[in-house]
Amino acid sequence: MEVTDIGNKEEGKVWHRKPIAGKSVLARVVRTAQQAKTVRFLQVAFDTTGDSFLAGDHHGNIYVFDIARNRFRLVQRTGQACTAVAFSLRRTTEFLVALADYTIKCFDKDTKQLVSWMRGHEGAVSSISVHSSGRYAITTSSDTAQLWDLDTFQRKRKLNIKQSVGIQKVFFLPLSNTILSCFSDDSIFAWESDTLFCKYQLPVPDCGPRISYKAFAVTRDGKSLATGGRSNLLHLWCLDSKQLIRVIQMPSQVRTVRQLEFLPDSFDGGASQTLGVLSQDGVMRFINIHTCKLLFHVGSHDDAITAVAVSPTGRHIVAIMDNGSISIYCVHSLTQELNKPPPSKVAVVTENKADRDYSNLKVKVKPDVQKTGKSSGRRTQVKILRPPAADDKENELPAGLNKKRLVDLLKAFGEYPAKYRMFVWRSLLCLPENHAAFSSLTDKGLHSAYLALHDKYPIKSHKLQRGLQRVLSALAHWAAIFGEVEYLPLLAFPFVKLFQNNPMLCFEVVATVVVNWCQHWFEYFPNPPLNILSMAENVLAHHDKELLQHLVDCGVTSQLYVWPLLETLFSEVLTREEWLRLFDNVFSNHPSFLLAACVAYVVCCREPLLLCSQRRDFEYFFHHRNNLDVGAMIKEAYRLMGSTPADIHPRNLLSDFTPLTKGQYPVFNQYPEFIVEYQNRERERIRLQETEYLRERQEVSAMRADFVRRQAEDEAYFAQQEQLQKAEEQRRNILAQEEQKLTEQRAKLAAMKRELKVKELQLLDATRRRFLKHQQDLRASQIHRLEQEISRKMDLREKETAAAVQDLEVRQMELEVQRKRLEQHLLKEQERAEQAVQKEVETRMREAERADESYTELLRSTEANMQALEESLAEACQLGLDSRWQREVAARLQQVDAEQERRRERLADLHRQSEAEEGRLVDTVRGVAGKKWDEVMSSRAELQEQRLQRSPTHTEGQARSAGGLPHGASTAAPVEANGVNPAFGAKPAAFPRREEAAVVCLNGSSASESTATNFSLDRGRAQLDSSERELLKEIRALRQKLAARAREGSSASSPSVHTLSSVSQ
C-alpha cells in the first residue's frame, strides 16, 4: 500500500506507482504540516460521475481528488474546519461547504471563486443533501433544517422543531420530490418538497428495545430505507408500503451503528442489495440485506474508520481513518472472490498438439459396480472418444461460456442468476465493445430527431432521459432510419434503464436486438412489418383457430394484438422481473423465439380475450399489465417453437443470430432508403417551415405583446390620471376640513391660553405673598440666631482670655527652665572639651618623651657599634636621621593643629544652631503673646463699654470686682515666687529685673495702684518685651564667656606642644 503525503502541495499525483491488480487499497493519502504534525481530514463526498471526490481537512483546505486521472488539486482555503461537503448536481464545477461558523459557502472548483454565502443556522451543519435536479439543497443542524434554492441561493423554507426533540437528518429521496426527516424520537416523516405537505409517517416500532436512530441510508431507486443507531439491530423499511419489512441483527461486536451506506451495482437497477455498516469499533461490514450474509469488510481495530463515502457507480470507497488519513478502496478487488463464477462441473479433454489422430485415443473406464472375488479376471472396458463435433464449437461463447450449457441451465431454473445476468447477456450477444466507433457516434452530439424527446416521452429521472437521448442519437447517426422510427424509444427504454451506467453496452445491446430480433421490421416502413405480423398470425391460426376467428370477428388484426408487444418488447405488459426472465430465454434462442413469445402471450391470455368484444378493450389489454404466469407463457413459447410446422415456422423465414462486427459496426440498410430520404427531406422542409412559422409567430407575438403592452400602458396612464384627479379632489376636501378643524382648534387654544394666563397671574401673586412671608420669618430667625451667636462668642472670648493669661504664665516658666537647662548643657560641653584637650596634650607629651628616649638609646647603640666607621659616613647618617625626625615631628604638630581647628569649628556650629533655635523660639513666643494680648485688650474694651452702658445699679458690682484684684495679685504672688525661686536659686542676684517684670506682667499694677478700676495692658506688654531682650543679652554674654575660655585653653595647650617640639629638637 502506497502512502502519499500531500503536505503543502497545491496539486500532484495521488499515487506515484500504478496500484497492483487485486489490491483492495489503491492508496492512502495523509497531510503533514510544519513540525511533522498530521492534519486530519474531516469530510469527503463524491461527485455524480464517481471518479472524483472532495476532501476537507481540519485547517479548512478543500482538495479535489480525481481517481480516474490520478491527480489531486487544492481548490479552496476556507481558514476554518468544515463540517459537511457536497457537490452541486446542476453545475458540476460548484460545491457546497458547511463551516464551523455555522455558514454554508458555495465555491467553484475551477475558478476557485466564492459563488455565494448562506447564513441562517445557529448550530453546526451536520449534513447537506442536494436534490437530484440540482436546484434545491437541504442543510441540517441539531436544531433546524433549511431548504435552499441553489439558483438564487435564498432560503425557501425552515423546519422548526421543539427543543425536546432534536433533528437527526433531513434529506431528499433519490429520483423523487420527497423529503425525509428523521428525529431523535425515532419518528420519520415524508414531505412533498414543493408544497411541504406531509405525505406519510413511518410507524415507530413498538416491539423490542428502542434503537435511537443515528444512521440512515436509501437505495438509489428510493424504495428502501435502512436505519440504525445505538444497537446492533438494523431496520429495513419499504417506502412504497410504509412498513418495516425486516430487522437485521449484526454480530455481537457491533454495539452502535455510526454510518450506513448502500453499495450500488451497475446491474441492480437502483435496488441495491449490499449494505455497508460502520460500527463503533471502526470496522465497516458489508452485508446482503436479503440473505443477511457478511460479504466483506474494510478497516480493523488497529486501523479504524471514522467516516465513509461510496461512489455513485459503486467502483470506489473512500474512508477517513482514525489517524486523519484517507484510504481509497477498489470495490472490484474487495468483491473479486464473490464475483467469481461457480466452478464448472464439466471437465474438458484437451487435444495433444503432437498427436492429431483421435482414432487411436483410448481411455480406460472403470465400471461403477463393486468388485467381487470372481470379477478379478474380468477384462477392462475400453471406450474410444470421438473428435468434438462442429456444433460444440458453434456453442462456444466468449469468456469460456457454452451456449448449450447455458440453455440447459436456463431450462432447469427458468432464468439466469440476477448477479450474473448482465455478464451472461454480454456473452450470448457477443458484444464487440467498440469504444472508438461508439465514441465517433456520440461525438456527433444529439440527433435533431431527439432534441425534443422529453416533450413526447417525459421521464422523471434526468439521468435516464439523457441516457435515452444519447443511445437513440447514436442509433440515428448509425442508420438514418432510426431517426424516423417513432417506436424506437419504446423499444430501447428497457435496455437504457438496465445499462444506464454504461451507454456503450446499451447501444450495442439495442443494435444487436435490432439487427437480429427485428429482422424485416423496416421493409414496409413507415407501416408496421406486415410480413412479420403475418408470420405470427399464421402460427396463431395453426395452434388456436378459435381465438383467431374471435379476433377476426371483432375486427382485431395482428397490428393490434401482436405489434404492441413487439414495438415495446413486452415492457408495457410485463413487470421488471418478468421481462428479464423472458429475455433470458429470448437471447438464448433463435430470433424467431420473440414471435413465438408474442403468440404464446396471446394464447395464454385466451380466456380474457374471448370475453372482450370492443376494440378499445383489446387496445387496453395489449397496452397494460395483465395477470399472467410468465413461466407458463415461456413454456408455451417453447412448445410453439417445437410443434409449429416448418412451412409456417418463423425460423425458416428469419436468419440466424449474427453478432456485431468488431472494430466498426456493420452497415444497416434493410429499409426503403427512398422513403427515409423522402421523410428526411420532408422533415427538413417541415422543420424549415416550422422555423419560419415560429419566427413569424414570434414576431407577431412580439408585435402583439408590444401592442398589448402599449394598450395596457395607455389604460394604466388614463386610469392613473383619473385616480390622481380623484385623489386630488379628496386631498382638497381633506385639506379644507383640516383647515376648518385647525381654525376651531386655534380658537379653543386662544381661550385656553387666556385662562392659563389668568391662573398664572393668580399663582404668581400667591407665590409672591408666600415668599415675602417666608423672607420675614427667615430674617427673624437669622436675628435670633445672631443674638445667640453673639452671646455665645462673648462667653467663649471670656474663657479664652482667662486661658490665654494662664498659658502665658506657664510659657514664661517654661522659657526660664529652658534657659537654665541650656546654661547647664553649655557648661558641661565646655568641661568635656577642656578635658579632651588636656588628655590629648598629655598623651602627645608622653608619646614625645617615649620617642625621645628611644631615639637617645638608638644613638647610643649606634655610636657604640659604629666606632670603626668613617666619620664622614657617621655624619651623613646622623644628618639623615635628624632630617627624618624633624619631618615626623612637624607632621605630628600639623595633625594636632588640624584637630584643634576642627573642634573650634564644631563649637562654632553648635553656637550658631543654638542662636537660631533661640531666635525662632523668641519669635514664636512674641507672636503667641501678641495674639493673646490683642484678644485680651479687645475683650476688656468690650467689657468696659458694656459696663459703662449699664445702670448705676451695677457700679457696686464693679467696685466689688475692682476690690477683688489685690486678692488675685496676692494669690498670684506666691505662685510667681514659687516658680522663680527654684529656677534662679543658683544666681538669685543676677536677674532682679526679670522677677520684677514678671510680677508686673501678671498683675498689671503695683501695690499703690491696687484700688484703680483700670490698668494698661500695653505697658505690661512693653515690660515683657524688655525682660525678654535682657534675658537674650545675658545668654549671649554667657556664650561669649564660654568661647573665650575655650580659646584660652587651646592657646595654653599650643605653647606646650611647641615647647615639646623644641625640646625634642
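# Exercises on a predicted model

Asp629 caps helix α18 at its N-terminal end, with a side-chain oxygen 3.2 Å from the backbone nitrogen of Gly631. The model is predicted. Work through the exercises with the structure open.

## Exercise 1: the span of a helix

Task: Find how far apart the end C-alpha atoms of α18 should be, and check the model against that span.

Solution. 
- Step 1. Take the extent of the helix. α18 covers residues 630-643, which is 14 residues.
- Step 2. Apply the rule. The expected span is 1.5 Å times one less than the number of residues. For α18 that gives 20 Å.
- Step 3. Compare. The end C-alpha atoms of α18 are 20 Å apart, which agrees.
- Step 4. Look at the surroundings. The buried residues of α18 are Val630, Gly631, Met633, Ile634, Glu636, Ala637, Leu640 and Met641. Their cover includes α10 (530-543), α14, α15 (593-604) and α19 (650-653).

## Exercise 2: an enclosed helix

Task: Explain why helix α4 counts as largely enclosed by the rest of the structure.

Solution. 
- Step 1. Recall the cut-off. Buried means under 20% relative accessible area.
- Step 2. List the residues that pass. In α4 these are Arg421, Met422, Val424, Trp425, Ser427, Leu428 and Leu429.
- Step 3. Seven of the nine residues in α4 (residues 421-429) are buried, so the helix is largely enclosed.
- Step 4. Name the neighbours. The buried residues pack against α3 (403-413), α8 (488-498), α9 (503-516) and α14 (576-587).
- Step 5. Step past the end of the helix. Cys430 follows α4 and has a positive phi, near 50 degrees.

## Exercise 3: a buried strand and its partners

Task: Describe the two faces of strand β25, then find its pairing with β24 and β26.

Solution. 
- Step 1. Sort the side chains. Thr274, Gly276 and Leu278 point one way. Leu275, Val277 and Ser279 point the other way. All are buried.
- Step 2. Draw the conclusion. Six of the six residues of β25 (residues 274-279) are buried, so the strand is largely enclosed by the rest of the structure.
- Step 3. Turn to β24 (residues 257-263). It pairs with β25 in the antiparallel sense over six bridges. Glu261 has Gly276 of β25 as its bridge partner.
- Step 4. Turn to β26 (residues 284-288). Five bridges join it to β25, again antiparallel. Here Leu275 stands opposite Ile287.
- Step 5. Follow the hairpin of β25 and β26. Four residues lie between the strands, and Gly282 takes a positive phi near 80 degrees.

## Exercise 4: the whole chain

Task: How many helices and strands does the protein chain have, and what share of its residues is buried?

Solution. 
- Step 1. Count the elements. The chain has 25 helices and 32 strands.
- Step 2. Take the buried share. It is 37% of the 1065 residues.
- Step 3. The chain exposes about 63,600 Å², and carbon and sulfur atoms supply 52% of it.

How values were computed
Residues are numbered from 1 along each chain as its sequence is written. This is a predicted model: local features need pLDDT of at least 70, side-chain atom pairs count only at pLDDT 80 or more; totals for chains, interfaces and linings use all residues. Side-chain values use heavy atoms; hydrogens and water are left out. Buried means under 20% relative accessible area, exposed over 50%, partly exposed in between (1.4 Å probe, protein chains only). Contact means heavy atoms within 4.5 Å. A polar contact is a pair of N or O atoms within 3.5 Å; within protein, one must be able to donate a hydrogen and the other to accept it, and residues adjacent in sequence count only if both atoms are side-chain atoms. Two strands pair if DSSP finds at least two bridges between them. Accessible areas come from the Shrake-Rupley method with a 1.4 Å probe; for residues, only the protein chains shown count as cover.
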